[in-house]
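Hi,

Here is the structure I promised to pass on. Please have a look at it first; my notes on what turned up follow below.

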Amino acid sequence: MNIKRSIVTRVRLAFLAICLFAFAIIYKVGYIQIKDGDKWKELAQEKRFHYQPIFATRGNIYSNDERIMATSLPFYRVAFDPTISKDEVFREGIDSLGMMLSRFYGDRSAEYYKRKIKNARHNKRKYVRINNRLINYQEKKQMAKWPIFRVGKNRGGVIFEKLDRRFLPFGSLAKRTIGFLNEDKKGAGLEFSFNRHLAGKDGEALYERMAGGNKPIYDGTEVKPLPGFDIRTTIDINLQDVAESALYKALTLNDAAHGCVILMEVSTGEIKAIANLGKAGLGTYVEDYNYAVGNQGRTEPGSTFKLASMMALLEDSDMKLTDTIDTGNGSMRIGGAVKTDTHGNGKITLQQVFEKSSNVGIAKLIQDHFGNDPQKYVDYLFKFGLHQPLGFQMNGEAVPYIKTPKDRSWSRPSLSTMAIGYELKISPLQTLAFYNAVANNGVKVQPIIVKEIKRADQVLEKFEAKVLNPKICSDETLAELKQMMEGVVEHGTAKNLKSKDYKVAGKTGTARKVINGQYTKRYSTSFVGYFPADRPKYSCIVIIDNPNKNAQYGGDVAAPVFRELADKAYAQDLAIHAPMVRRPANVVPKLPSLHAGNQEELTLLCNKLGVSAHPVNPEEDWIRVDTQKHSVAMKPVPVKEGRVPDVKDMTLKDALYLLENQGLKVRAAGLGRVKAQSVPAGQPVRKGMWITITLERNGTTTKPIAGDTVLAIARAY
């Protein structure tokens, strides 16, 4: 009994506590609503409305010939305020609107969309997102004509929320160079480097927080965004396409790790093509890093650096290219370390040392001349500007590393090792700028990839290549360096680049790669040079990293990419072609083989071929040609209604046109021009009349073919 009383007491106490707690809540709610109501309503109103940025439309990125490489396309998210439209408009349009939304999005039934909008209107919801799928501008125009929506934003309630999306019209072409910008304002390429110009200035507008999203409030306080500026690059789309295609082919063929190509105009420093491809899987390559400019491509250049060594040697000595040096049997200890060649060259000239890319020869020449004062050799490299970045327009340019005798890692073999392109690091773009200076008669210019900042047709800012060094070395040294580089293609390691149309000068490179601190038998192959060698217009560098097939040298792996790109650049740039030999004045051009046909077409043909043509009657449509000594005379072929025309010597196409227009049914035999017709010219045309025409080419005819088959064949010709 005592237990029962105890339980009842506890239950009553618990019930009383709950009641007291409930009364406390009711009291607090009443207190908030009555006593502090105005305060909380004001605070809620402040939180309900807020300003949001309206993002500006980014500027376009153009190629050199002003084709769009990157642009912003408008997309829209569709929302709706179902409380705005009048009852009559809503009732008449809701069924059709639901059906059209269902057909357009294809994900829900018409009844679903109808019920969704009706429920929102009944509950006085002022913002309903119809669907999360984005629509394009054409779809927006189409949707704006639908029931209810067609009466407009203020009377129909449709809300099109604009969102810009970046679009690349040429797909992945130059994708890594164009780059990107993420939501954190971090990125790469032109999009990131020129974001200050491309981004524009964001505006702002008042938005109301509602269930399902934020509804814009157009109260006149909104600030319109200012669109970004456009940038015009130096890129040639056609050459860019060839560069990427040739690089991709070489990487796939050699199963290489990655590669890059840069093509630059010698005098202006304008980059016409720049491609970067890295291995993404078995046989596939994508633009992942900027190997041409950034730290990912900063490596030991190998033999392409020998040009700098020879420049320093020729500047600091009286040596000539005809001087000789003994390279032995292809292996020699120089400066405390063994240097090797692919085979023994014995005693060869300085010209041959460079042409054959002799490690022993270059290392021995530099060690003998600068061994007592290695800092002097390094000073020359500094004078050439190889220790400094170029100040390239795109962010992320690698900083070169040139070792000096003051470095802790300097050792006795360092001088001879640096001479052949090791124990230092430099990017492909920096190597190309150095070679370009030789092609440009010693003027080292800063490479550029953006030439204009503009808005519509108004140019706001122009960029030109800065002169980094007005004279990189003496004219005597330049002449000898050019001769050496031409020899590499004529007689040396890049003989496969010889062309009958233009001359190429350059240098191959095959550098061993360091893995875990040890030099391995994996290579970075390269070729860098310029063309035409006698009047340089373009310079180019190709890097193919770690080829895994049989070919391992720059002349075999990288040079073919250079050749393909150089051929295309030469073909499309008529200004660098050698002048054509003038035809002697007494040579009479051969007249074309003309017979009969349409006067306008034959006259145009004669004009194109530079042949004098004399029509007897310019008003006639059909003529027969009389070939004279230096010109052609055009005699009219009269065509009368209801009479069989004379189609002799005409092509089958012209004969069919004339005969069928007169109502004749045609049989044809043979190929070539009409030699005979079964019904003579001038005869009256009767209904259903057939005519057989015989065609001949080189004196050969074939038997007639009857029926529809001959007509099909005839029309095909």
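This is a predicted model: local features need pLDDT of at least 70, side-chain atom pairs count only at pLDDT 80 or more; totals for chains, interfaces and linings use all residues.

Met650 sits in the loop that runs between strand E31 (631-636) and helix H21 (652-661). Is Met650 buried or exposed? Its relative accessible area is 0%, so Met650 is buried.

The average pLDDT of the protein chain is 85, and 86% of the residues score at least 70. Residues 701-717 have a pLDDT below 50, and this stretch has 24 contacts in the model beyond near neighbours in sequence.

Next, a helix pair. Helix H11 (residues 306-315) packs against helix H17 (residues 475-490) at an angle of about 145°, and their axes are 10 Å apart. Their crossing is right-handed. On the H11 side the residues that meet the partner are Leu307, Met310, Met311, Leu314 and Glu315, while H17 brings Thr477, Glu480, Leu481, Met484 and Met485. Sorted by class, this contact has 7 nonpolar, 1 polar and 2 charged residues.

How many of the 10 residues of H11 are buried? The count is 9, so H11 is largely enclosed by the rest of the structure. The buried residues are Lys306, Leu307, Ala308, Ser309, Met310, Met311, Ala312, Leu313 and Leu314.

**Salt bridges**

The search of the whole structure gives 25 salt bridges. A few of them are described here.

- Arg129 pairs with Glu161, and their closest N and O atoms are 3.9 Å apart. This pair links distant parts of the chain, with Arg129 in strand E4 (residues 128-129) and Glu161 in strand E6 (residues 158-167), 32 residues apart. Arg129 is partly exposed at a relative accessible area of 26%, whereas Glu161 counts as buried at 16% relative accessibility.
- Lys513 forms a salt bridge with Asp545, with the closest N and O atoms 2.9 Å apart. Lys513 belongs to strand E25 (residues 505-515) and Asp545 to strand E27 (residues 538-545), so the pair ties together parts that are 32 residues apart in sequence. Lys513 is partly exposed, with a relative accessible area of 21%; Asp545, at 4% relative accessibility, counts as buried.
- Lys500 and Asp501 meet through their side chains in a salt bridge, at 3.5 Å from N to O. Lys500 is exposed, its relative accessible area being 78%, and Asp501 is partly exposed at 45%.
- Arg58, Arg166 and Glu191 are linked in a network of salt bridges.

**Two more residues to look at**

Glu452 is part of strand E22 (residues 450-455). Which class does Glu452 fall into, buried or exposed? With 7% relative accessibility, Glu452 counts as buried, because buried means under 20% relative accessible area. Apart from neighbours within four places in sequence, Glu452 is in contact with Asp230, Ile231, Arg232, Val459, Glu461, Lys462 and Phe463.

Val443 is located in the loop between helix H16 (428-439) and strand E21 (444-445). Its relative accessible area is 23%, so Val443 is partly exposed. Setting aside residues up to four places away in sequence, Val443 touches Ala437, Val467, Asn469 and Pro470. For one of these, Asn469, the C-alpha to C-alpha distance from Val443 is 5.9 Å, although the two are 26 residues apart in sequence.

That is the tour. Happy to talk any of it through.

Best wishes

Conventions. Residues are numbered from 1 along each chain as its sequence is written. Side-chain values use heavy atoms; hydrogens and water are left out. Axes are lines fitted to C-alpha atoms, for helices over the stretch in contact, and angles run from 0 to 180 degrees between N-to-C directions. Helices (H or I, at least four residues) and strands (E, at least two) are DSSP runs, numbered from the N terminus. A crossing is left-handed if the near helix is turned anticlockwise from the far one by less than a right angle, and right-handed if clockwise. Contact means heavy atoms within 4.5 Å. Ala, Val, Leu, Ile, Met, Phe, Trp, Tyr, Cys and Pro count as nonpolar, Asp, Glu, Lys and Arg as charged, and the others, Gly among them, as polar. Buried means under 20% relative accessible area, exposed over 50%, partly exposed in between (1.4 Å probe, protein chains only). A salt bridge is a side-chain nitrogen of Lys or Arg within 4 Å of a carboxyl oxygen of Asp or Glu. pLDDT is the predictor's confidence in each residue, from 0 to 100.
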